[in-house]
Amino acid sequence: MDGSAGPFPVTTHLGRVIASVPVGARYHRLLAEAPALSAAVEPGQFCHLLCPGAYLRRPMSVWRAGAQEPLGFLFRVAGPGTAALAGLREGDTLDAMGPLGRGFTLDPGWGRILVLARGVGLATLSLLARRAVSLDIGVTAILSARDPADMMAEAFCGAVPMDLRLVHDSDGSSDPAAVGMMIEAEFIRARPDAVFTCGSDRLLRLLQEIAARHGVLGEAAIEQRMGCALGLCFACVRRIATPDGPRDLRVCREGPVFDLQSVEAW
Amino acid sequence: MDGSAGPFPVTTHLGRVIASVPVGARYHRLLAEAPALSAAVEPGQFCHLLCPGAYLRRPMSVWRAGAQEPLGFLFRVAGPGTAALAGLREGDTLDAMGPLGRGFTLDPGWGRILVLARGVGLATLSLLARRAVSLDIGVTAILSARDPADMMAEAFCGAVPMDLRLVHDSDGSSDPAAVGMMIEAEFIRARPDAVFTCGSDRLLRLLQEIAARHGVLGEAAIEQRMGCALGLCFACVRRIATPDGPRDLRVCREGPVFDLQSVEAW
Amino acid sequence: MPDLSVRIGGLTLANPVMPASGTFGPELGEVFDLDRLGALVTKSVTPEPRRGNPTPRVAETGQGLLNSIGIPGKGIEAWIAYDLPVWRRFAAPLVVSLSAPTASAFAEAARALTVEGVAAIEANISCPNLEADGRAFAAEPGPAAAAIAAMRGATRLPIWAKLSPNTGDAAAVARACEEAGADALVVANTILGLAIDLATLRPALGAGMGGYSGPGFKPIALRLVWQCAQAVRIPVIGCGGIATGQDAVEFLAAGATAVQVGTASFIQPAAMLQVIEGISAFCTARGFSRVSDLTGIALPSLQRIAAE
Amino acid sequence: MPDLSVRIGGLTLANPVMPASGTFGPELGEVFDLDRLGALVTKSVTPEPRRGNPTPRVAETGQGLLNSIGIPGKGIEAWIAYDLPVWRRFAAPLVVSLSAPTASAFAEAARALTVEGVAAIEANISCPNLEADGRAFAAEPGPAAAAIAAMRGATRLPIWAKLSPNTGDAAAVARACEEAGADALVVANTILGLAIDLATLRPALGAGMGGYSGPGFKPIALRLVWQCAQAVRIPVIGCGGIATGQDAVEFLAAGATAVQVGTASFIQPAAMLQVIEGISAFCTARGFSRVSDLTGIALPSLQRIAAE
Ligand SMILES: Cc1cc2nc3c(=O)[nH]c(=O)nc-3n(C[C@H](O)[C@H](O)[C@H](O)COP(=O)(O)OP(=O)(O)OC[C@H]3O[C@@H](n4cnc5c(N)ncnc54)[C@H](O)[C@@H]3O)c2cc1C
Ligand SMILES: Cc1cc2nc3c(=O)[nH]c(=O)nc-3n(C[C@H](O)[C@H](O)[C@H](O)COP(=O)(O)OP(=O)(O)OC[C@H]3O[C@@H](n4cnc5c(N)ncnc54)[C@H](O)[C@@H]3O)c2cc1C
Ligand SMILES: Cc1cc2nc3c(=O)[nH]c(=O)nc-3n(C[C@H](O)[C@H](O)[C@H](O)COP(=O)(O)O)c2cc1C
Ligand SMILES: Cc1cc2nc3c(=O)[nH]c(=O)nc-3n(C[C@H](O)[C@H](O)[C@H](O)COP(=O)(O)O)c2cc1C
Ligand code: FES
Ligand code: FES
């Protein structure tokens, strides 16, 4: 179910914050030393973070991870939980429970993938894209944001080479029709072996339609309000198509990554 | 009702912590810059302190105060509230509501007072004793503690000259009978114009009896669990003798200082 | 600047924020100008003098307070003679909270309180009913209605019925009070709680159980407002754990016309001013020109429009 | 090392700590060894498959959680076929929580659950009673007793009645369940609460109201245990806001023989282990050689000695 070994793969890791930095006007990135967790986590998995002052933990996709690498999160400061996370300082403790959920599928035999991210959805897809490049899989990434100030291309790929397409609301380039044409063009230019998306229901619908028409596999990472994040409480269900018909599956356990075509309109 | 002027004498003052230091094994002292409050407070008055993480404020006698002087508290680390106060660091904010309650009477015409303090009761009496000395009133202070490690003579008088008598449980010198004899001896040596006590019900009874017998005035500061500390909730009542008979008076408002003989056994 | 005034039965309040009974007194005037409040609410007065409960009378419990004060006081006669003149110095309407051991004692006391300077009577029917084995009037619709009806016959003043959370069906009690002639409901008094002192392994309060108030109680009080506002047409005054303007807006949206602030004043003595300012700021930010437009806006259907 | 074992009806538990229904599953075995628990308690199973409530199903509210999950599940038949075998892998006694819409459905389901591997049935009578206009069985003594009595006639397994805080008289419901044949009481389920989302001015939960749990609910649950433990002779299992050994000791002192931990596991997934260790440390520090000596120690008179 996840990459960690041992009889008790899920733990609350007390990591030491080594960077806590605002990104643009609305986002924040947090890096912590949590070696065991960072080594175990797979792209698309998430952690459940204790936020000082808030009662419930907050689910957060892993944005950076790897053996010998710090564990990173990139998030929008939305409310009290994320504000508290953004208030953590170097040297503070970050209590991260994980690794949690089912991550993305990445086949080393693939030649190219297309990634379609909107807003903080790019935090969820960033680790996948970087891992793909490290496996010699080409990445075309279409990143959609409100305006250039909100665009986090740098946060998405860092120094890793990718084909980036940036679209914004402010100049109309992020309009679904325009993005649809861009995806079609990419499919023709360099047909991907798989597509991935996160961050927008509208773009999810769009990608479902195009990928289905082209017969390309895909996955989507989705969000839902969570209680336990361990599969215990059934708070986080979303309607998912399964071979046995539509079922309410737990985003924290059967997800947050689902087959692209299985995610029902919501 | 208190020394402050203006139509709204009670306020929540946000002071800056300038010292936060353990005293012995069980006590802690806290100094904060809160000039308006420090100038307004009288010996025997108290503040209601916000303790990070605890819900209710905690009442705390003022241990140090004065125009141009930092505001100080000396307390035993008893539970979550005082532990949180002890956790404050230099530069942190201390939210102190005050000044509150009725302080001690100090007549500049007096020649000598006797002060009888037990445990942290000395925090409450310290400012009184120092103020007395500054008015050229001699102070005899009998300080009672568990053992020499708990004795805070230094915290009590600082560099101000007083006649100190230190008694401890560990060598039996704090036994009420022994302390009674010591007080009688002081009354003979240098009869005080008034006596003051805080910190022990047993010593309160003892002093009531001796002072009554010698016809000496006195006051006692007492404690009670508080809600509002403003006289609103009637949580903090103690049985007090009044000209109209015994009544439940509010320690936060009619006290915490009462006429020595008026405090009923409890 | 939005219009903050609200109407509760026959009264118009300058703003919807007032203190909760038992957590307020003229002493708070040492902290801020009490004329800025929508109304003043006294601690409960009782027909006879009462000593109150053994100490400790309060205990902290997580994000809240347990209390068992026991309504100490000098009795209604002395209250009218000595306390009422003090209250008359303030401008906001004075609401006198009244507690009594029988329906007829409620009536008699309501008659005695029908004097110049009293704007409304809040019936604290959460107190024990001596005619029902000590169970609170507000635990059941019948006794609650009996107390209100008896008062209704004895005074022309507006009567606010203060409900209790310690009942299985608050909506039924609310309806019964409305039918018996209450002009408004205050929802709610404290809920029974307990804390054990681990040092002594005895209850933390001298009296054993006590009333639970503060932030931890808020979701329950808010639910009671939601249920009662859908059950009656008279105004509901929300109370329980309100400490900020945002808390107050939740209560208004759930069906309250005004709010009371209790325990929060123990933590921040000027909390009521912050609540007034917070409501006003919310209205401005979200384009509500009148605070009364918020009342009941979260209800399944907007039944509250009709309520005054 | 103190003796942590406790007896609940016919069962002996290795320690007094178990999960609360709906907050637990075999999945927690990825965090720690579930064989260290005193018992296992399943989420409520229902006779028929159920989809559950609209999302959002949880909301944070101060120091607590609101939930309206709606007991989704595949129904009792599929549960016995697919889930029970998974549970059988664990060592601790298995308590199956059961929810049903009528007294006879409770009886039928209890009969179906009387199989190898089930140690006791916990009757979640806080669910709506279709024969009483949707009011919960546990709101009144009569319907609560009817459900328990019907189950009593259908199974030889111990029956634990899980009471609701949403009643005016929990002690009366407790007595009624005891008389109807319950072997133990679980006190309590969540209390109804509400939160409003200020962004949308609609309830924060998809279903409107929800059940309030966690630290903010603790003083109320503790009071219910205190009241019920004085009303019955069968063991009481305390539940509500327990997150630490100290919380658990408060419940034991107030009359509980064992405790359940729910929402705390969402914050600290190994909370139950911390509770076990905390209770043990308290017993050692304070000289209690058996945890069962703590039961009821804070009660006015030590009625709990007689209770098993
Ligand atoms: C699997 C998963 C991965 C996520 N990864 C990221 C990420 O990488 N970057 C990022 O910025 N955000 C991410 N989110 C969303 C993030 O969890 C919320 O923005 C955050 O919980 C908001 O908390 P808050 O207290 O700041 O805001 P509030 O809106 O005040 O939160 C109130 C409550 O709603 C819940 N909530 C609010 N928004 C969401 C949401 N979108 N999804 C789930 N619960 C929500 C909170 O957890 C909390 O319980 C992810 C969500 C999930 C489920
Ligand atoms: C007017 C006044 C002046 C005081 N001055 C001092 C002082 O100068 N130095 C000092 O060390 N202590 C003083 N105290 C006592 C101090 O308030 C308590 O020790 C403190 O509140 C304990 O809080 P806690 O959370 O650490 O402990 P806990 O014991 O966990 O407190 C739990 C609750 O009990 C209350 N409480 C506990 N002990 C007392 C007490 N003795 N009096 C009143 N309430 C109590 C707390 O306020 C809190 O609400 C004074 C008390 C009063 C009423
Ligand atoms: C110390 C205290 C004393 C109270 N006394 C009374 C009272 O005399 N009459 C009454 O109707 N309610 C009384 N209450 C209840 C409050 O008016 C209010 O209903 C309750 O505390 C919930 O509001 P809060 O959470 O804002 O405090 C008292 C509450 C507290 C905390
Ligand atoms: C998400 C969630 C789901 C729950 N589901 C059930 C349930 O199915 N059956 C039941 O009897 N109680 C259920 N409960 C109530 C708990 O078992 C427990 O009684 C309550 O949460 C109080 O305990 P706590 O404060 O430790 O969580 C649920 C509680 C939560 C938070
Ligand atoms: S959050 Fe509890 S099951 Fe997913
Ligand atoms: S603490 Fe409220 S009256 Fe004294």
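Reply: Happy to! One definition before we start: helices and strands here are DSSP runs, a helix having at least four residues and a strand at least two, and they are numbered from the N terminus. Also keep in mind that this is a predicted model.

Me: Thanks. Then which strand gives the most to the shell around ligand 2?
Reply: That is β4(B), with 4 residues. At least two residues each come from β4 (58–61), β5 (71–76) and α2 (80–86) of chain B.

Me: And which residues come nearest to ligand 2?
Reply: There are 20 residues around ligand 2, and B:P59, B:G79, B:G81, B:T82 and B:E223 come nearest. By class, the shell has 11 nonpolar, 5 polar and 4 charged residues.

Me: What lies 2.7 Å from an oxygen atom of ligand 2?
Reply: A backbone N or O atom of B:G81 does. Another oxygen contact involves the side chain of B:R225, with an N or O atom 3.2 Å from an oxygen atom of ligand 2. On the nitrogen side, a backbone N or O atom of B:S61 is 2.9 Å from a nitrogen atom of the ligand. Taken alone, ligand 2 exposes 810 Å², and the protein buries 83% of that.

Me: Switching to ligand 4. Why is the site shared between chains?
Reply: Residues from chains A and D surround ligand 4, so the site is shared between them. The shell holds 21 residues, and the closest are D:S21, D:S44, D:K162, D:G241 and D:T263. They divide into 6 nonpolar, 14 polar and 1 charged.

Me: Which side chains have a polar atom by a nitrogen atom of ligand 4?
Reply: Among them are D:S44, at 2.7 Å, and D:N124, at 3.2 Å. D:S21 uses its backbone instead: a polar atom there is 2.7 Å from an oxygen atom of ligand 4. The protein buries 95% of the 600 Å² that ligand 4 exposes when taken alone.

Me: New topic: is helix α5 of chain D largely enclosed or open?
Reply: Largely enclosed by the rest of the structure, because 11 of its 12 residues are buried. Buried means under 20% relative accessible area. The buried residues of α5(D) include D:W226, D:R223 and D:K218.

Me: What span should its 12 residues have?
Reply: At 1.5 Å a residue, α5 (residues 218–229) of chain D should span 16 Å, and its end C-alpha atoms are 16 Å apart, so the two agree.

Me: Last one: which chains share the most contacts?
Reply: Chains C and D, out of 3 pairs in contact. Chains A and B do not touch, with their nearest C-alpha atoms 9 Å apart. Chains A and C do not touch either, and there the nearest C-alpha atoms are 12 Å apart.

Key. Residues numbered from 1 in each chain as written. Chains lettered and ligands numbered in written order. Predicted model: local features only at pLDDT ≥ 70, side-chain atom pairs only at ≥ 80, totals over all residues. Heavy atoms only, no water. Contact = heavy atoms within 4.5 Å. Near = heavy atom within 4 Å. Polar contact = N/O pair within 3.5 Å; in protein donor to acceptor, adjacent residues only side chain to side chain. Areas by Shrake-Rupley, 256 points an atom, 1.4 Å probe, with all protein chains shown as cover. Nonpolar A, V, L, I, M, F, W, Y, C, P; charged D, E, K, R; others polar. Expected span 1.5 Å × (residues − 1). Buried < 20%, exposed > 50% of the residue type's maximum accessible area, 1.4 Å probe, protein only.
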